[in-house]
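Subject: Structure handover

Hello,

Here is the structure for you to look over. My notes follow below it.

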Amino acid sequence: MVKKIGSVLLFLLFMSQTVYADFDIQKSIDKAKPGATITIPAGQYEGNFVLTKKITLRGEQGTELVALGDEPVLRIDNTATVTIENMTLSGNKQAIVASGVDGLELRYLNIKDIHTGVHIQRSKNVQIQHIEVAGNKEHYSNKGNGLAIFKSEDVVVEDANIDHVQDGIYVEEVKNLLVQNNKISNSRYGTHFMYSSNAQAFHNTYQNNVTGLMIMMTSDISIKSNHLENHNGLNGYGMLLYDVQQAVVELNTIMNNRTGVALQKSTGIQIECNDFRMNQTALEGMKVDGTSMASNNIFTGNIMTARSDQQGFLLANNYYDDYSGIDLENDGIGDVPYVAVSSFGQWMVRQPVYQYFVASPSVVLLTSLDQQINKTENTVLVDDAPKLRMKQITKINEMNFKQLLIGLLIVIASMCLWKRGMME
């Protein structure tokens with residue numbers, strides 16, 4: 001019995017170390033005709049493989065490629081229509097380096113124990129889907145990026161899961177980019193846009209990074225329906241826009257950040273219908289032009305709603321949980337302006353220990369004085385038409401009731417016509 005168990009254990013040990021040495025990946029690539037599909041059997045393969053032709057490289061379940069030395073596992077140069085899918089990649093420096101590729105698809109890849117996941121440059125028509133990148137827990141300066149894309153166009157990154165890297169997705173000089181449904185955590189920046197244009201970031205989740213979205217020197221960007229949470233470090237931002245022209249930030253949930261959204265030296269920024277919750281400062285603006293506006297947002301539980309320099313930015317039709325005005329006209333809009341300025345709030349952001357005094361009589365008096373002074377002397381950070389949420393909800397319910405009634409009438413009419421048709 002003991003001998004049988006020992007034999008089984010030896011067999012399992014032997015199988016676990018098996019390398020498919022008789023399958024030469026590079027030789028198969030070199031021999032393949034353009035457009036061929038190469039299926040790599042399950043097992044672990046060491047090497048640095050090069051692709052320069054149209055080809056699909058597909059792994060079986062359990063296929064792992066490991067780099068030798070500091071060269072990338074896979075290098076793809078000056079070709080078109082390349083697909084890499086269903087395998088694990090590991091090594092010292094980079095998993096995949098692609099340069100000059102027209103039509104690159106990377107799918108279902110697991111990248112681990114590596115400095116940089118994927119590095120792409122001077123390429124177009126790139127699709128990256130269902131990639132997992134797990135870095136180490138060293139300082140950000142000792143790590144590379146999960147995905148890094150330079151000087152490329154028509155790029156889609158979706159359904160990636162990236163953890164413990166420098167920047168989850170780093171983008172520089174890229175045109176026409178869609179980043180959606182990705183989850184990035186425990187990194188320096190979740191997604192970092194630089195010198196790019198016509199970019200979209202939809203339905204991503206950013207948690208526990210230094211900053212969720214860092215957007216710099218970029219134009220024409222849409223940021224929609226993302227979740228940005230727990231960016232609480234000394235320089236923590238849910239989202240920071242620096243020197244950005246023409247951006248729409250809408251329908252995002254921004255919660256538990258040191259600063260929810262920060263605008264610096266930017267123009268034409270529209271911040272609409274976002275949910276700001278429990279941030280130290282919800283919204284901050286410095287050197288923002290007069291066309292930038294925050295409208296129809298919900299601010300609840302934030303220590304400070306908004307702050308800015310003297311230039312300020314516009315507030316309009318937002319809901320504020322600390323608004324104490326009344327609505328005599330019953331139109332859902334407060335009868336007196338909301339003033340976001342708060343001297344004590346500024347101190348609390350700098351010294352969190354001051355939060356213990358937030359509801360004290362002296363602080364209430366100071367805040368009231370701030371608001372009165374700004375009502376009469378300044379229009380910066382003043383919302384002349386603040387919304388009252390309860391009225392909004394009532395309006396929504398009324399609208400739903402009308403829709404329900406119309407729907408019932410349509411159904412009854414349809415049944416009558418059907419019954420009449422049956423009788424004839």
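**Salt bridges and surroundings**

Glu71 is partly exposed, with a relative accessible area of 43% (partly exposed lies between buried, under 20%, and exposed, over 50%, using a 1.4 Å probe and protein chains only). Its partner is Arg75: the two side chains form a salt bridge at 3.7 Å, N to O. By salt bridge I mean a Lys or Arg side-chain nitrogen within 4 Å of a carboxyl oxygen of Asp or Glu. Arg75 is also partly exposed, at 27% relative accessibility.

Please note that this is a predicted model: local features need pLDDT of at least 70, side-chain atom pairs count only at pLDDT 80 or more, and totals for chains, interfaces and linings use all residues. Residues are numbered from 1 along each chain as its sequence is written, and side-chain values use heavy atoms, with hydrogens and water left out.

The whole structure has eight salt bridges. One of them joins Glu64 and Lys112 (3.9 Å, N to O). This pair links distant parts of the chain: Glu64 sits in strand S5 (residues 63-66) and Lys112 in strand S7 (residues 94-112), 48 residues apart. Glu64 is buried at 16%. Lys112 is partly exposed at 30%.

Arg307 and Glu284 also meet in a salt bridge, at 2.9 Å, N to O. Arg307 belongs to strand S29 (residues 304-308) and Glu284 to strand S26 (residues 281-286), 23 residues apart. Both ends are buried: Arg307 has a relative accessible area of 15%, and Glu284 has 6%. Elsewhere, Arg58, Glu85, Glu105 and Arg107 form a salt-bridge network.

**Overall and strands**

The protein has five helices and 33 strands (DSSP runs numbered from the N terminus: helices are H or I, at least four residues; strands are E, at least two). Of its 424 residues, 46% count as buried.

S15 (residues 197-202) and S18 (residues 219-224) pair in parallel over five bridges; pairing needs at least two DSSP bridges. Phe202 stands opposite Lys224 in S18. S18 also pairs in parallel with S21 (residues 245-250), again over five bridges. There, Ser219 has Gln245 as its bridge partner.

**His164**

His164 lies in the loop between S11 (161-163) and S12 (167-180). It is buried, at 17%. Beyond four places in sequence, His164 touches residues including Gly135, Lys143 and Asn186 (contact means heavy atoms within 4.5 Å).

Best wishes
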